[in-house]
Amino acid sequence: LVIIATAQATQLACTKWKKLPFFDPKSAMISALSLCLLLRTNSLGWAALAAFVAIASKFVVRIRGKHVFNPTCGALMALIAVGAPIWVSPGQWGNVAFFGFLMACLGGLVVMRSARADVAIAFLGFHALGLILRSLQVNEPMTIPFHRMESGAILLFAFFMISDPKTTPDARAGRILFAFLVNAVGWYIQFKLFGTNGPLWGLFLLAFATPLIDVAFKGARYS
């Protein structure tokens, strides 16, 4: 309730501040629900702050008419980076195949409507390849990378975060390159630095790559 209320209040305040023609509650609700799924904290104050940062960043951090950070990812990783008492629990959804299938189906509907299925599929492909190569490198049985792929959190990231049409490159070639780079950074953080939340850090750290990719690969702006 705190996250949703703060997100909607921030969206309304920023709409009036920017003198936009209409208030869009659906955009704020998507970010709020994503925070509800991923954010963990023992403080309502930090939960509210995360919602505020997520929505406000869309209006404040912009380049060439596009907001730079995926709102949910940007808020989570920015607060974690400054040492806030919040965390992300990537294993909380377990490895139930049915839930993964359900997430894929629901996510597929979202990305197909926003014309961003390519970046989600590319990320999942690169992610699977990276896990298999890692297991081959350390002589693990193939059951281990296949088990790692059965993650609701990864499907949530692929279909609802990296596929955000407002923060991904305009051209398809650019989006596939972006998916590769995000996965590469996440893979390095997870398997070389032995950190957590690799894909989230990859998306956060490469947010400013999107404007550069848009310059190199021309494409139609999402509307």
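Guide: Let me begin with helix 9, which gives the largest share of the lining of the second largest cavity, namely 5 residues; please keep in mind that this is a predicted model.

Visitor: Which helices each supply at least two residues of that lining?
Guide: They are helix 6, spanning 117-137, and helix 9, spanning 172-191.

Visitor: And what residues line the second largest cavity?
Guide: The lining is made up of His127, Gly130, Leu131, Asn183, Gly186, Trp187, Gln190, Phe191 and Pro199, and by class these residues divide into 4 nonpolar and 5 polar, with no charged residue among them.

Visitor: How much space lies in there?
Guide: The second largest cavity holds about 40 Å³ of space.

Visitor: OK, stepping back, how many cavities of 30 Å³ or more does the structure hold?
Guide: There are 2 cavities of 30 Å³ or more, and in the largest cavity lies about 70 Å³ of space.

Visitor: What lines the largest cavity, then?
Guide: Its lining consists of Ile63, Arg64, Lys66, His67, Val68, Thr167, Thr210, Pro211, Asp214 and Arg221, and sorted by class the lining of the largest cavity has 4 charged, 3 polar and 3 nonpolar residues.

Visitor: Where does the largest share of that lining come from?
Guide: Helix 11 provides the largest share, with 3 residues; strand 3, at 66-67, and helix 11, at 209-216, each contribute at least two residues to the lining of the largest cavity.

Key
Residues numbered from 1 in each chain as written. Predicted model: local features only at pLDDT ≥ 70, side-chain atom pairs only at ≥ 80, totals over all residues. Heavy atoms only, no water. 1 Å grid on protein atoms, 1.4 Å probe; cavity = no way out; pocket = protein on both sides within 12 Å on 5 of 7 lines; lining within 4 Å. Points joined across faces, edges and corners; volume = space filled by probe spheres on them. Helix = DSSP H or I, 4+ residues; strand = E, 2+ residues; numbered from the N terminus. Nonpolar A, V, L, I, M, F, W, Y, C, P; charged D, E, K, R; others polar.
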